[in-house]
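Student: I have a structure to look through and would like to discuss some local details. Could you take my questions one at a time?

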Amino acid sequence: MRLRLQFIAVCLTFFLITDCKGSIGTGQGDRASDWTMFRGEQSLSGYTDRRLPSDPVLLWEYKHGVRTVASAIVYKEVTYFCDKHGLMLGIDRDGSEVSRIDLDAPMEASFMVLDSVLYFGMIDGDVRAVSLAGGSLLWSYQTEGQINAAPALTTVNGRRYLLAGSYDNNMYTIDAASGTLKGLASTGYYINGAAAVWGEYALFGGCDSWLRMVNCATGTAADSVKLDAYIPSSPAIADDMAYVADYSGNVYEISLNGGRFGSCRKLRTAADDEGAMLSMPAVNRKYLYVLADERYIQCLDRKDGTLIWQQTLKSESGESSPLICRDRVIAATKSGIITIYDAVTGERLWEYETGEQIISTPAPLSDRFMIMTARGTLLCFGNKKE
């Protein structure tokens, strides 16, 4: 009996590790103290099993003082971020600087790290892989337009591929080991957001209003669907469904099936023509959370788009996207107000005003969370007992 139970446990573990297609991501990174990519995992769902501190306080802040747009990542308990001039800093768990690498080019996109290698794109269009050990350049690939979003990394048939969208209207699929081009998918205008991975496919939007799917094994286009307005951010994927917001404030649910888009419906229709939505949705098993009309955070039922709850933000929502941390939702406004809500009732549980603009998305860890301000201040929040 014991052997049988052990066998079942092994099979379930294998299933959970290998079946990334159509699942809600956990955002665990390599371990609970890591957050190794934008939004924590490849599907960009904005959901993690991690709990936020029950009563957060500011543990420390690191003031860099140079404008920083990208969201921070955490690897082996070191938080990495890069300012707009291309200076990368590594800050340890206690708030001390432990790493500094000059990338020698302006940068706005977030990093992605795997096996001590940083992957990222630059304003000058360069896509790079850099060793964290010594800061040496492993490879670079030059596109013809600026790169504003974090790269996506996926494995197909045993090979790792990096996907990076450029302002030259192309989504590049690059061999992550060698830096050679695998293929590209052309669009009608700029690509501003990151790609979300769904099995061997990746989804991304563009400023031409099309949501596209690319085959990561070939790097070529697989399917596309046109929305009502341009797509400034990224899709979020959960349960073989893609959720994406356009600039006008419409939110769509699009089914995914065998490398093709299926049915498409609006879960939310923009209230008027005045609003703008720059952030991306967050999704769990039942609900969808969006920062809507520049002044609300809304919880929508995934079944029919019913509004479950709504809270008025204390300033414009901006570009930062909400994250679901088990039973709570954390969101930051453009003016720098960070708020934690009860995910089911919408009750405001905690709030902190930084006094500095926030564009980035939080990085929740096992016992704390980190967030960057646009002024270049890294904030670390944790429990009072720390």
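Tutor: Strands themselves are DSSP runs (E, at least two residues), numbered from the N terminus, while helices are H or I runs of at least four residues. The model is predicted, so local features need pLDDT of at least 70 and side-chain atom pairs count only at pLDDT 80 or more, whereas totals for chains, interfaces and linings use all residues. Residues are numbered from 1 along each chain as its sequence is written, and side-chain values use heavy atoms, with hydrogens and water left out.

Student: Which residue is the bridge partner of Leu 162 in strand 13?

Tutor: The partner of Leu 162 is Ile 174. That pair belongs to the antiparallel pairing of strand 12 (residues 159-165) with strand 13, which extends over five bridges.

Student: How many residues lie between strand 12 and strand 13 in their hairpin?

Tutor: Four residues separate the two strands, and Asn 169 in the turn has a positive phi of about 75°.

Student: What does strand 13 pair with on going to strand 14?

Tutor: Strand 13 is joined to strand 14 (residues 181-186) by five bridges, and the two run antiparallel. Within strand 14, Leu 184 is the bridge partner of Tyr 172. The hairpin of these strands has five residues between them, and Gly 179 there takes a positive phi near 80°.

Student: Is strand 13 mostly covered or exposed?

Tutor: Strand 13 (residues 170-175) is mostly covered, with six of its six residues buried. Buried means under 20% relative accessible area, exposed means over 50%, and partly exposed lies in between (1.4 Å probe, protein chains only). Asn 170, Tyr 172 and Ile 174 point one way from the strand, Met 171, Thr 173 and Asp 175 point the other way, and all are buried.

Student: Changing topic, where is Asp 301?

Tutor: Asp 301 is in strand 25 (residues 296-301). Asp 301 is buried yet has no salt bridge; Lys 303, the nearest side chain of opposite charge, is 6.0 Å away. A salt bridge here is a side-chain nitrogen of Lys or Arg within 4 Å of a carboxyl oxygen of Asp or Glu. Lys and Arg count as positive and Asp and Glu as negative, while His and the chain ends are not counted.

Student: What lies 2.8 Å from a polar atom of the Asp 301 side chain?

Tutor: The backbone nitrogen of Lys 303 lies at that distance. Leaving out residues up to four places away in sequence, Asp 301 touches Leu 267, Lys 286, Tyr 287, Thr 306 and Ile 308. Contact means heavy atoms within 4.5 Å.

Student: And where does Asp 124 lie?

Tutor: Asp 124 lies in the loop between strand 8 (117-121) and strand 9 (126-131). With a relative accessible area of 38%, Asp 124 is partly exposed. A polar atom of the Asp 124 side chain lies 3.0 Å from the backbone nitrogen of Asp 126. Not counting residues up to four places away in sequence, Asp 124 touches Ala 105, Gln 142, Thr 143 and Gly 145.

Student: Which residue has a positive phi although it is not a glycine?

Tutor: Lys 76 is one of them, with phi of about 50°. Lys 76 is placed in the loop between strand 3 (73-75) and strand 4 (78-82). Lys 76 counts as partly exposed because its relative accessibility is 48%. Glu 294, also not a glycine, has a positive phi near 65°. Glu 294 is found in the loop between strand 24 (287-292) and strand 25.

Student: Over how many bridges do strand 20 and strand 21 pair?

Tutor: Strand 20 (residues 241-245) and strand 21 (residues 251-257) pair over five bridges in the antiparallel sense. Met 241 stands opposite Ser 255 in strand 21.

Notes:
Polar contact = N/O pair within 3.5 Å; in protein donor to acceptor, adjacent residues only side chain to side chain. Pairing = 2+ DSSP bridges.
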